[in-house]
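Here is a colleague's note for someone new to this entry. Please read the points with the model open.

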Amino acid sequence: MKVLQQPLGPVQANCYLVMENHHAILIDPADMYPNLEFILKENECTLEAIVLTHAHFDHISGIDKIVDAFHCDVYLNPNEFDFLQDPDLNSSSAFYMDVTCGAKCKPILEGKNTIAGFDIEAMYCPGHSVGSTVLKIEDCLFTGDVLFKGSIGRMDLATGSVSSMKQSLKKLAQLDKDYKVYPGHGPSTSLSQEKKWNESLKYAEIY
């Protein structure tokens, strides 16, 4: 499995292009992925889906352009379907913007999903937002704005919750396998490193 990371948009949110066995998905596109058509052709892959960790503006702004160009499906935790058309819920209004998305979404359900040829385990991890979802694909965790290298997501935006974030971090801390962690912002890391050095995750199990 090949994972390409590209920061996009005004807040430089990480967009991930994941490719394997001629299938490709995009995770959290804040804008059109650069040279996407060329990269797909070079890797003999077809973009079949966009999968979202959550629906804040800095993770959804590129969806309509990509869907128009590639006619792919969009998957999202159904708890955030209404975020796409609501600048208050998707937090663009908090940054003096008015971002909406017209795409029709399919639900990514907690537990095992098969999307575009990928086996994706969705872990609902609210706290940063009510529908924040960590995506486990093979040995990788795409953590959105739940877990970063050395820190965690903010909880002061619409539908954020300190108590929910504590429970979500506890869920991640209890995973007994090491994973490569691809966060929504900043550099990649590993779950073992975060358990060791990230104070919020290090003590999550005693919350």
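Which residue in β3 is the bridge partner of Tyr-16? It is Ile-27.

1. Ground rules. This is a predicted model, in which local features need pLDDT of at least 70, side-chain atom pairs count only at pLDDT 80 or more, and totals for chains, interfaces and linings use all residues. Residues are numbered from 1 along each chain as its sequence is written, and side-chain values use heavy atoms, leaving out hydrogens and water.

2. The sheet. An open, mixed sheet holds 6 strands, in the order β1-β2-β3-β4-β5-β6. Its edges are β1 (2-8) and β6 (106-107). Strands are DSSP runs of E, at least two residues; helices are runs of H or I, at least four. Two strands pair if DSSP finds at least two bridges between them.

3. The hairpins. β1 and β2 run antiparallel, joined by 7 bridges. Gln-6 faces Cys-15 in β2. The hairpin has 4 residues between these strands, and Gly-9 takes a positive phi near 85°. β2 and β3 are also antiparallel, over 5 bridges. Their hairpin has 2 residues between the strands, with Asn-21 at a positive phi of about 50°.

4. β5 (residues 73-76) and β6 run parallel, with 2 bridges. Leu-76 stands opposite Pro-107.

5. Around Ile-50. Contact means heavy atoms within 4.5 Å. Beyond its neighbours within four places in sequence, Ile-50 is in contact with residues including Leu-26, Ile-63, Val-67 and Tyr-75.
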